[in-house]
Amino acid sequence: MSSAILSFDDWYEKSWLAADVAFRKYGWRATFFVAKPQNLYAADWAVLAELQERGHEIGCHGMSHLPVTEIDGYLEKDVLPAKRMLERHGLKISSFAYPHGMRNIQTDRELLNHFKILRGTTDVAPGVISASHIGTLQVNVASVTKALRAGIRSFYAHEIVFDGKRRGRWNPNGDAIEKICKFAAEEREGFALFKEL
Ligand SMILES: [Zn+2]
């Protein structure tokens, strides 16, 4: 399988919806890992429901956004309350992304009792999919194509910036994502959601 796996983290629902408007023409599908759901307003929940309705996946990214490896009792205190809150709003949750990518074998084992699949960052383990950060890769036309040709197919980012001004390396502009979408649509087998892996 050589479909692209795109994920976006944290609390940038509005930018994700704008991205959906921009990239639907490529048939793009992405997984959005929501952190701090306790801070969401009704309008934000409506956006998440709409993204799910449009064929994307919503995943869990914790209540506090702290590394689970630094929280005693993280499962009951931080992860499961976030999962339940998302589910109460009608979202189907089967994937979890590690905040800050911090994980270990023990957390993998415990979390895989509650999620089908986990997302790490650079490291891979059974049940854990790694992802390369689009901003860190300094993504441009050449580097995305190079990465995809080299077999890197899982990318993640946070906010997607459409006003032409990149806000720091963590927030790629829409052009970078568009390049990936175009390549995946034209030269690869489209897109995969985390729950499908
Ligand atoms: Zn995050």
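Which residues in helix 1 meet which residues in helix 2? In this predicted model, Glu-13, Lys-14, Trp-16, Leu-17 and Asp-20 of helix 1 meet Asp-44, Val-47, Leu-48, Glu-50 and Leu-51 of helix 2. The residues of this contact divide into five nonpolar, no polar and five charged.

Two packed helices are described by the angle between their axes and the distance between the axes. For helix 1 and helix 2, the angle is about 35° and the axes are 9 Å apart. The crossing of helix 1 past helix 2 is left-handed.

Helix 1 has these buried residues: Glu-13, Trp-16, Ala-19, Asp-20 and Phe-23. Seen down the helix axis, the buried residues of helix 1 fall within an arc of 115°, so they line one face of the helix. They pack against the elements in this table.

| Element packed against the buried residues of helix 1 | Residues |
|---|---|
| Strand 1 | 5-10 |
| Strand 2 | 30-34 |
| Helix 2 | 42-53 |
| Helix 6 | 174-187 |

Strand 2 is one of these partners. Five of the five residues of strand 2 are buried, so the strand is largely enclosed by the rest of the structure. In a regular strand the side chains alternate between the two faces of the sheet. In strand 2, Ala-30, Phe-32 and Val-34 point one way, while Thr-31 and Phe-33 point the other way.

Strand 2 also pairs with strand 1 in the parallel sense, over five bridges. Among the residues involved, Asp-10 has Val-34 in strand 2 as its bridge partner. Val-34 is itself buried.

Notes
Residues numbered from 1 in each chain as written. Predicted model: local features only at pLDDT ≥ 70, side-chain atom pairs only at ≥ 80, totals over all residues. Axes fitted to C-alpha atoms, helices over the stretch in contact; angles between N-to-C directions. Helix = DSSP H or I, 4+ residues; strand = E, 2+ residues; numbered from the N terminus. Left-handed = near helix turned anticlockwise from the far one by under 90°. Contact = placed C-beta atoms within 7 Å. Nonpolar A, V, L, I, M, F, W, Y, C, P; charged D, E, K, R; others polar. Buried ≥ 20, exposed ≤ 12 C-beta atoms within 10 Å, placed from the backbone. Arc of directions from axis to C-beta. Pairing = 2+ DSSP bridges.
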